[in-house]
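User: I'd like to go through the pockets and cavities of this one with you. Can we start once it is on screen?
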Amino acid sequence: MIHHIRLLIFIFIAFALSLSARAAEKLFISINTENTSIVLEKNDTGDLMFMHYGLPTGDASQYGNYNSYRRVDYGTDPMAYPARGGRYYNEPALSVKYADTDANTELKYVSHKTSVPQKGVEQTDIILRDPKTALEVTLTYTAYQKEDVITAHTEITNKGGKTVTLENYASSCINLKAGKYLLTHFHGAWAGEMQTEHEQLTHGTKIIDNKMGVRTTHTENPSFMLSLDTEDFDENHGEVIAGALVWSGNYKMSFQIDEFDRLNIISGINPHACAYPLKKGESFITPDMIWTYSCAGAGQASRNLHDWARKYDLYSHGRMAPTLLNSWEGAYFDFTTPVLTGMIDDAAAMGLEMFVLDDGWFGTDYPRNSSRQGLGDWQLNTKKIPEGIEYLADYAHKKGLKFGIWIEPEMVNPKSNLAKKHPEWIVKSPGREATTTRNQWLLDLCNPEVQDFVFNVFDETMQLAVNKIDYIKWDCNRHVESFGSSFLREQSKFYVDYIQGLYSVLKRLRAKYPDVIVQSCSSGGGRVDYGALNYFDEVWTSDNTEGLSRVFIQYGTNMIYPACTTGSHVSDVPNHQTNNVTPLKFRFDIASAGRLGMELQPKKMSADDRAYAQRAIASYKRFRDLVEQGDLYRLVSPYDGDHYALMYVSKDKTRAVVFAYCIKYQGRARKPLIRLYGLDKDKSYSITELNTDTPSFWGDGQTFSGQWLINQGINPQLVKIYDSGIWYLEAK
Ligand code: DGJ
């Protein structure tokens, strides 16, 4: 008997020793795309470390002897998903408070597996666990082979006994080592979104974030680029990493350079007022963070994101957008049926393909004749349109146009029947005033009843002309203030649950209306992010349609989001936002670099201008597929001086369209030199300037080798402010 017990003890000790030896074994996990690689290491203490992101470095076991020369007892080597507490003191990706008030978490590697969810996509799931609390974290990296994109998200599960509170729950953390880090990010405001800003990161922490709740973009956009080892933003050379978050709510991206000059980037939902309780057995899945790496400058980073988005993220997958006339700046709230049918006639005559009826068509007791009332009461105003929406849709269809209509279902004016009927649906904190913005309140999408209401606003609007509404413009004209939900027990869930509520409504709507084109508008570009684009076909890039402003807005937006998503309209002069006057050609030439539309009263246009519009719209249809599906090359930055130029090239490089604009007069000698980097040097191209009878380039109509056009470029006479040109290139 004693002999047996001794044997058992011996076997147990041997097993335990072999386990601890295995636990101490290093292990390497490589996450690879065709040209890039992330390498993680489980070290001998069971921590998961972030070793590399960039070009592939070959056999990962070479990291086995890697020596960072840091003190082993110092705890500053980069963690793959750093948690607050234990030995870690930099910005954490995860902070948790446990029932016993312990606020430390120490995640140890448990296991990992790799799978292939679809061709060209490889998924790696890595399980980490805190041995004390049994909190489990699964890191999921999805590697999109051809696009060189890796997305990362995290699932956090409470496997312990009592409720825990997540205080910080980032999607992803990456760690880099370079001599210099140039951060490019996009700040903005209403009518001035996505302004590009470059800054050299220094020691300490830089944060870009948003706390507006339901509009991601009117401060900063949840995206950035990072150029390594340089002080210059370069389109064609050098290492650039781009990142973007798939989330339409509060976000935070922190860039911390530590004392060892390593840069730690943590990105995800903003922990601001957002502590999230997890009961036993519950999980929280963070949104995806998208990463791409390019060793050929910022241009390639954009193209990677665009390719990935068209294939995997965008609801539309980049399907072709109809050109349109929107009624807003042409009529505002002031219309009746004849005004609208007149607009439809004019749109058809100019060759446009859709008419969109904007704000002002609804409200009976509180007719929506201004922004002061009516939101929430989605019944047709029969005083304005006695014939009904179906009549307008039929009228448009008979003219060969699609038909679209505006809604703002998340909002309510205090002056409305809805506000009186459901005061409990309004976002506000008890005992505090619900503030209005643009005279309106926000509805509480955390509440399933409100989710149903919002779903029904869309659904019932679609029923106003069954199977005849082709497009919905979904607006959102305010952000969150005095947050609070009378539905939620834990108010700190508000910011997350609102966006999850929104996504759940959009999911239901997409199941019912898969083919309707839906625009994400939010006072212009307030909701421009890859989360929204999972459900919306396009974004309204900005309420500012003035040509010069659009140069900068579109330059920044299209750095991250492909042109097939960015609505861009030609509007009246003087511009309603800026008062600036730009030539019609300039306005068309910049709007044609996105999803082209018009937003004015055509009746106010001269016959010549209408004829010009017709010509420009016809040209656009010739190259629209390049703008929406082609590869973007930014050729001259508008921030570098007096010109802006860009081109889109077909994937097989047989067709291209080039756009160039003079945005500042600096003297007659200042002509742009535009090198057409996107072409194939071994092909020959004919070059034709569109929309003009007086070409600005001496080589118009001639054929040049790609090599010539890349290295010599074109030098059009775009000298005076607002001179602009569009060239169409075809391989011979
Ligand atoms: C704000 C949008 O950005 C505009 O295009 C227009 O739809 C108005 N709202 C309507 O109120």
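Analyst: In the second largest pocket, the lining comprises 11 nonpolar, 8 polar and 3 charged residues, where Ala, Val, Leu, Ile, Met, Phe, Trp, Tyr, Cys and Pro count as nonpolar, Asp, Glu, Lys and Arg as charged, and the others, Gly among them, as polar. This is a predicted model, in which local features need pLDDT of at least 70 and side-chain atom pairs count only at pLDDT 80 or more, while totals for chains, interfaces and linings use all residues. Residues are numbered from 1 along each chain as its sequence is written, and side-chain values use heavy atoms, with hydrogens and water left out.

User: What volume does the second largest pocket have, and which residues lie nearest its centre?
Analyst: Its volume is about 470 Å³, and of the 22 lining residues, Val246, Thr286, Pro287, Asp288 and Asn534 lie nearest the centre. On a 1 Å grid over the protein atoms alone, a pocket is an open set of points with protein on both sides within 12 Å along at least five of seven lines, a cavity is a set where a 1.4 Å probe fits but cannot get out, and lining residues have an atom within 4 Å of a point. Grid points are joined across faces, edges and corners, and a volume is the space filled by probe spheres set on the points.

User: Which domains does that lining draw on?
Analyst: At least three residues come from each of domain 1 (2–313) and domain 2 (324–540), with bounds from an automatic or database domain assignment.

User: And which element gives the most to it?
Analyst: H8 does, with 4 residues; helices (H or I, at least four residues) and strands (E, at least two) are DSSP runs, numbered from the N terminus.

User: Switching to the largest pocket: what is its volume, and what lines it?
Analyst: The largest pocket has a volume of about 1200 Å³ and a lining of 47 residues, among which Asn43, Met49, Ser68, Asp77 and Pro78 lie nearest its centre. Strand E3 (48–54) and strand E10 (172–177) each supply at least two lining residues, and E3 has the largest share, with 6.

User: How does that lining divide by class?
Analyst: The lining of the largest pocket divides into 22 nonpolar, 11 polar and 14 charged residues.

User: How many cavities are there?
Analyst: The structure holds 7 cavities of 30 Å³ or more, and the largest cavity has a volume of about 70 Å³. Its lining includes Glu91, Lys252 and Pro271, and E17 provides the largest share, 4 residues.
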